[in-house]
Amino acid sequence: MAESAVSFLVNQLATLIQEERQLLGSLDENFMYIHNQLELMRPFLQGADAEDGNPQLQAWVKQVREVAYDAEDAIDTFMLQLANLCAEDVFCCCVQEIYIFLKKLGVRHNIASDLENIKGRVTNIFEARERYQIKNVAPLRSRSTLLFDGRNDALLVDEAKLVGIDRPKELLIKELLDDETRLKAVSVWGMGGSGKSTLVKRIYEDERVKGKFQCHAWITVSRSVPMMELLKDLIRKLPDEIKELMPQDLKQEVELKELVKKFLSERQYIIVFDDVWSTDSWDALKHALPDKNMSSRVVLTTRILDVANLASRTEYPGCVHEMEALSDEDSCKLLCNKTGNETIPRHLKDSANGILDKCKGLPLAIDVVGGLLAMKDKNNIEEWSTVCSYLNTKLHGYSDNLERIRQVLLLSYYDLPYYLKSCLLYSSIFPEDSTNFERIRQVLLLGYYDLPYDLRTCLLYLSIFPEDHMIDYMILIRLWIAEGFVQGKERLTKEEVALRYLEVLINRSLIQVAERYPDGRVKLCRIHDIVHEILVSKSNEQNIVSTRIGRDSELPDKVRRLAIRTSVDSGHLEINRLKYLRSLILTLSEYSLFESFSSELQFESFLSELLSGSRKLLKVLDLRDAPLGKIPNEVFKLYHLTHLSLRGTEVKVIPESIGQLQCLETLDLKHTQVISLPIEILKLKRLRHLLVYKYNSETVDYDRPFDCAQTFKAPYKIGCLSSLQKLCYIEADQMGDTTIVREIGKLTQLRRLCIRKLKREDGKDFCSSLKKLTELRSLNVGSIGEDEIIELQDALDFKFLRTLCLAGRLEKVPQWIPSLQSLTQVVLRHNKLSKDPLESLQDLPSLASLVLHATFEGEKLEFKAEKFQRLKTLLIRSLNGLRKIVVEKCTMPNLDELFLGDCKLVELPIDFEHLNKLQYFQINNMAKNFVEGLENQKRSEGSNWKLAHVLNIVVSVDGEPRWRYL
């Protein structure tokens with residue numbers, strides 16, 4: 001990772017020399033010398049990562065990394081001191097000006113001394129390369145592999161077809177559905193990367209399994225999640241009626257277990273516990289599982305044979321299934337799926353056979369190598385041969401499967417660009433068994449080595465997240481940018497470039513997609529356990545991220561990025577090691593927060609002490625969900641701060657001193673108590689993301705009341721924040737003044753706009769502003785009241801708009817909506833339209849999600865034939881006048897989810913059976929006779945029932961709060 005540190009510093013020096021030449025004066029020559037020498041070292045570093053068996057080379061690389069870090073610290077300290085002096089200079093008299101001048105001379109003297117020292121070290125390092133004959137190591141990744149290779153739609157393609165699971169799937173389903181009435185435990189055991197979770201997920205989602213059990217839950221256990229958190233997660237996954245039984249003051253583990261046990265004792269259930277790491281975990285979980293002879297089932301996945309045997313052979317009837325390696329035929333199929341080939345081309349067969357021989361049928365290894373090969377030129381035998389040769393060299397003499405995975409994955413790691421390496425290491429969090437880690441490390445890093453060098457830092461940076469953490473893709477992107485790992489290029493914004501980086505990592509199977517939006521875009525992602533293990537270790541090794549997971553955790557001498565995961569207090573943090581801290585990210589669980597800090601004042605004191613001991617070089621401060629009611633003054637002394645997240649805290653006021661954070665690009669105040677911002681916010685000219693809102697209702701989006709969002713009042717001249725890309729949720733009406741509506745038109749870089757409290761008379765000015773926002777991707781508009789008309793009838797043209805939400809009365813659907821070619825999601829709420837809105841929406845070519853909530857006051861909705869071709873999710877709610885829905889043949893051919901609630905329908909449409917891809921149908925608060933009609937049809941028609949193909953039909957009848965399966 002010296003390469004990433006050097007590349008980052010080279011770019012920083014180039015910018016500093018170009019923009020601050022007059023300020024630097026005589027220091028310019030030293031900066032130029034360091035810049036040029038480091039630039040010469042970069043080619044030697046690009047391939048050095050993969051040569052971890054060369055101790056002399058690695059010692060030299062470590063020296064390069066440390067001098068790059070020290071140079072960065074010196075530069076940032078210099079810039080901070082000058083910024084502080086310039087701030088003092090504004091209010092100075094003549095005598096004070098002389099004093100300030102002398103102080104500036106002192107600052108220049110200090111940086112000159114630091115630069116001379118660094119210059120000498122750089123010279124010695126460069127000479128050592130020649131003295132010890134350290135040669136340029138060719139990087140594994142071919143120069144022909146480009147980051148932007150036209151694969152932008154790759155994320156929209158379905159997952160590669162699974163292979164080799166049909167037989168074990170059928171065997172295990174037979175075990176689960178047999179006639180045994182006692183509670184039965186089925187364990188799936190195998191090494192990491194062997195496909196345990198993939199197999200069980202397919203079983204869990206099988207229609208036969210879903211249809212038999214009343215309650216279903218999937219719980220990821222892992223090694224580090226406290227039992228209280230697991231039990232709360234289980235309660236969240238169970239049907240809603242369990243929440244009605246739970247007292248507000250329930251805090252003890254034994255009480256939660258008793259609650260779950262009581263609830264499940266009356267129901268037939270299936271629960272999956274994924275990734276159980278110890279017999280202690282299983283011993284704690286089993287006490288929440290009743291056995292009432294109702295044929296309930298528990299499924300475990302584990303790497304530990306003792307856990308599998310204890311659960312499935314000692315305590316409960318069941319079986320232990322050991323994962324087997326893929327056959328040669330299935331291995332070849334999986335490789336073809338990953339590389340996009342129907343068969344292996346003849347000229348690549350020798351290389352492919354050699355690669356598969358080294359992978360030994362391990363799905364994860366084949367998956368990662370396949371993702372790597374998919375980026376290679378299929379006409380270039382040499383590129384496939386290079387990968388094969390690498391595996392032959394690295395795996396020679398290894399019979400251990402874990403070591404094979406290690407070497408394969410290392411290739412993907414080493415091929416990453418420098419900035420994605422740090423991003424991946426940024427996700428390190430848990431200490432690992434050193435023996436097991438060393439056995440698998442090389443396989444994972446295979447994909448790393450093959451990435452373009454400038455992605456590697458980003459990949460390593462992912463170690464900031466805990467194991468099995470669901471990562472919000474947008475938060476990840478903002479963190480990458482704040483750390484300086486991403487730069488705009490080729491007319492793309494930093495955010496767009498970062499999204500491309502994420503796509504590359506997903507395509508290489510280094511990051512997994514956990515959840516997508518209906519249109520296929522990534523919403524949440526996660527890291528495979530084995531990949532996570534590698535990132536944790538590699539990140540600690542390279543000092544990318546240091547993780548605090550307990551009072552006994554050791555930190556390096558100079559901590560650059562600190563992730564705090566478990567209970568901690570400042571007395572156990574060695575503050576002197578945090579002087580050069582660049583990032584502080586706090587992601588403690590609710591349980592750990594309670595254990596660590598009994599009050600907001602205690603946490604504020606801890607944070608103040610921690611920040612006061614640093615040199616104020618912090619760039620990222622993420623205090624999500626911390627027990628914080630007031631921002632400590634030390635935060636506003638952080639000149640370099642780029643990312644500030646107070647999401648989920650109890651902060652109420654943003655002080656005027658926020659204007660001192662002139663490098664700030666992200667201010668995340670989502671789910672705080674903030675309802676206004678001071679005028680000093682207008683000094684933050686670099687601000688790109690401003691999120692200030694809170695939902696006043698905990699219900700899901702479509703079920704929230706009209707005025708569910710807590711908005712904020714912004715200064716009138718907010719249009720001067722010309723770098724803003726995301727602005728949520730701003731109030732249009734502020735004491736009767738509508739200046740804000742006109743100011744928004746100046747924010748021409750906006751990608752997402754959420755605005756509330758619009759009046760009808762704002763329509764003309766608002767449309768005028770919208771015409772200037774040509775880069776919008778998401779528009780969320782709400783009126784000042786349910787009966788206030790939103791006036792949006794001017795001709796508007798949004799070339800890139802994907803998401804549109806209109807909350808408030810509409811005289812008619814705006815005339816420009818049918819022309820939106822990129823629109824994938826439409827939410828219409830409380831619009832009180834008299835005309836069927838479907839006519840305006842039915843031909844939208846990209847529409848994947850449609851929400852109609854109190855939208856229409858008519859009696860009939862008509863889904864016409866051949867319309868809504870890409871619609872996957874449909875919600876119809878609170879259409880009080882609705883009596884009939886017409887569904888013609890060949891409409892909505894891809895509909896997957898349907899939500900219907902609070903309507904006075906008498907019966908379902910006749911042609912519902914044509915929705916043959918429908919998998920989930922939720923019926924909420926409909927009349928009893930409507931539900932009874934469905935039940936009668938199901939009984940009388942049996943397998944011929946028009947909804948027989950729907951996997952899950954969930955019902956909540958009006959007056960009965962409980963959900964049940966139909």
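The buried residues of helix H12 are covered by several elements, including strand S2 (215–222), helix H9 (227–237), helix H11 (253–264), strand S3 (269–276), strand S4 (297–302) and helix H13 (305–315). This is a predicted model.

**Helix H12 and Leu285**

Helix H12 spans residues 279–286. Which of its residues are buried? Ser281, Trp282, Ala284, Leu285 and Lys286 are. Leaving aside residues up to four places away in sequence, Leu285 touches Val221, Met227, Leu230 and Phe273. Take Val221 from that list. Leu285 and Val221 are 64 residues apart along the chain, and their C-alpha atoms are separated by 9.8 Å.

Strand S1 covers residues 184–189, and six of its six residues are buried. Both faces are covered. Lys184, Val186 and Val188 lie on one side. Ala185, Ser187 and Trp189 lie on the other.

S1 pairs with S4 in the parallel sense, over six bridges. In that pairing, Ser187 stands opposite Leu300. S4 is also among the elements that cover the buried residues of H12. S1 pairs with strand S5 (residues 318–322) as well, again in the parallel sense, over five bridges. Here Val188 has His321 as its bridge partner.

**The S6-S8-S7 sheet**

Three strands make an open sheet with antiparallel pairing, in the order S6-S8-S7. Which strands stand at the edges? They are S6 and strand S7 (512–516). Each has a single partner strand, so one side of each is left without a neighbour in the sheet. S6 and strand S8 (residues 522–526) run antiparallel and are joined by two bridges. Ile471 has Cys525 in S8 as its bridge partner.

**Aromatic pairs**

A pair of aromatic rings is described by the distance of the centres and the angle of the planes. The model has nine aromatic pairs. Two of them are set out here.

| Pair | Geometry | Centre to centre | Angle between planes |
|---|---|---|---|
| Tyr461 and Phe485 | edge-to-face | 4.9 Å | 80° |
| Phe798 and Trp816 | edge-to-face | 5.6 Å | 75° |

The Tyr461 and Phe485 pair links distant parts of the chain, 24 residues apart. Tyr461 sits in the loop between helix H22 (456–460) and strand S6 (471–472). Phe485 sits in the loop between helix H23 (473–482) and helix H24 (494–507). Both Tyr461 and Phe485 are buried.

What does the pair of Phe798 and Trp816 tie together? Phe798 lies in the loop between strand S20 (778–783) and strand S21 (803–807), and Trp816 in the loop between S21 and strand S22 (825–829), so the pair ties together parts that are 18 residues apart in sequence. Both Phe798 and Trp816 are buried.

Elsewhere, Tyr693, Tyr695 and Tyr729 form one aromatic cluster.

**Charges over rings**

Which ring lies under Lys558? Lys558 lies over the face of Tyr580, at 4.7 Å from the ring centre.

Methods. Residues are numbered from 1 along each chain as its sequence is written. This is a predicted model: local features need pLDDT of at least 70, side-chain atom pairs count only at pLDDT 80 or more; totals for chains, interfaces and linings use all residues. Side-chain values use heavy atoms; hydrogens and water are left out. Rings of Phe, Tyr and Trp (its six-membered ring) pair if their centres lie within 6.5 Å; planes under 30 degrees apart count as stacked, over 60 as edge-to-face and the rest as tilted. Helices (H or I, at least four residues) and strands (E, at least two) are DSSP runs, numbered from the N terminus. Buried means under 20% relative accessible area, exposed over 50%, partly exposed in between (1.4 Å probe, protein chains only). A charge sits over a ring if NZ of Lys or CZ of Arg is within 6 Å of the ring centre and within 35 degrees of the ring normal. Contact means heavy atoms within 4.5 Å. Two strands pair if DSSP finds at least two bridges between them.
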